[in-house]
Amino acid sequence: MKQHRLTAFIAIALVASLSAVAQSAQPLEPLVIDVAPTVQQAAGIQFVSGGAGEESRAALDAMRADFTVRNVFSGPGGEYVVAERVTVTSAAGGEAMSLSNVGPIMMAKLPAGRYTVTADYHGRTQSKTVQVGSGLQNLAWSWPNVHEASPDTSNAVPPVPAR
């Protein structure tokens with residue numbers, strides 16, 4: 001009998017302790033790995049991509065003068081998103097560069113000229129034309145009606161009408 005009382009006492013003490021710890025715990029913040037962006041090359045064109053955290057955005061802002069085009073990708077609610085594919089085509093029709101999974105900020109050092117930039121996010125494609133000359137050209141991209149995951153309703157059972 002004493003063994004059962006001791007076990008019950010320990011169990012109650014443990015539950016009370018865990019309850020106190022749980023009540024005093026602060027909610028966890030989402031983990032954002034903030035890596036300093038590095039300049040890369042694709043098809044001989046310098047570019048940089050990043051901006052998920054504050055430090056990365058500050059580093060990108062400090063690099064603005066080195067680039068000719070700045071793209072900022074946003075989704076529903078204005079939050080930053082990563083474009084699945086970005087393709088830059090020259091006015092002559094030749095593909096200047098094609099990148100996968102870039103952003104939410106992507107800057108490129110394109111030579112002077114006219115370009116069409118195409119960006120894909122969750123199966124939706126947008127295109128913009130930009131004239132590169134002196135100074136930085138800013139392109140703001142927005143996919144306000146695209147959601148991260150759409151439910152698969154291909155095998156959904158239709159609702160039963162109310163009687």
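Where is the place of Pro104? The place of Pro104 is in the loop between β5 (95-102) and β6 (105-108); the views below start with the whole chain and come back to this loop.

**View 1. The whole predicted chain, with 2 helices and 9 strands.** This is a predicted model, in which local features need pLDDT of at least 70, side-chain atom pairs count only at pLDDT 80 or more, and totals for chains, interfaces and linings use all residues. Residues are numbered from 1 along each chain as its sequence is written, and side-chain values use heavy atoms, with hydrogens and water left out. Helices (H or I, at least four residues) and strands (E, at least two) are DSSP runs, numbered from the N terminus. Along the sequence the pattern reads α-β-β-α-β-β-β-β-β-β-β. The protein chain has 163 residues, and 31% of them count as buried; buried means under 20% relative accessible area, exposed over 50%, and partly exposed in between (1.4 Å probe, protein chains only). A contact means heavy atoms within 4.5 Å. Of the contacts between residues at least 6 apart in sequence, 51% join residues at least 24 apart. The accessible surface is about 10900 Å², and carbon and sulfur atoms account for 56% of that area. Accessible areas come from the Shrake-Rupley method with a 1.4 Å probe; for residues, only the protein chains shown count as cover.

**View 2. The open sheet of 5 strands, with mixed pairing.** The strand order is β1-β2-β6-β3-β9. At the edges are β1 (40-42) and β9 (137-142), each of which pairs on one side only. From one strand to the next, the twist averages 25 degrees; axes are lines fitted to C-alpha atoms, for helices over the stretch in contact, and angles run from 0 to 180 degrees between N-to-C directions. Two strands pair if DSSP finds at least two bridges between them. Strand β3 (residues 69-74) and β9 run parallel and are joined by 6 bridges. Ser74 stands opposite Ser142 in β9.

**View 3. Strand β7 between its partners β4 and β8.** Strand β7 (residues 113-121) pairs with strand β8 (residues 124-132) in the antiparallel sense over 9 bridges. Strands β4 and β7 also run antiparallel, joined by 6 bridges. On the β8 side, Thr116 stands opposite Thr129, and Tyr121 stands opposite Arg124. Strand β7 is largely enclosed by the rest of the structure, because 7 of its 9 residues are buried. The hairpin of β7 and β8 has 2 residues between the strands, and His122 in this hairpin takes a positive phi near 50 degrees.

**View 4. Thr87 and the residues that it touches.** Thr87 is found in strand β4 (residues 83-90). With a relative accessible area of 16%, Thr87 is buried. Not counting residues up to four places away in sequence, Thr87 touches Glu95, Met97, Ser98, Thr116, Val117 and Thr118. The side chains of Thr87 and Ser98 are joined by a polar contact of 3.4 Å. A polar contact is a pair of N or O atoms within 3.5 Å; within protein, one must be able to donate a hydrogen and the other to accept it, and residues adjacent in sequence count only if both atoms are side-chain atoms.

**View 5. Backbone details at Pro104, Asn101 and Ala43.** The peptide bond from Gly103 to Pro104 is cis, with omega near 10 degrees. Asn101 lies in strand β5 and has a positive phi, near 50 degrees, although Asn101 is a residue other than glycine. Asn101 is exposed, with a relative accessible area of 56%. Ala43 is in the loop between β1 and β2 (45-50). Ala43 is not a glycine, yet its phi is positive at about 55 degrees. Ala43 is exposed, and its relative accessible area is 65%.
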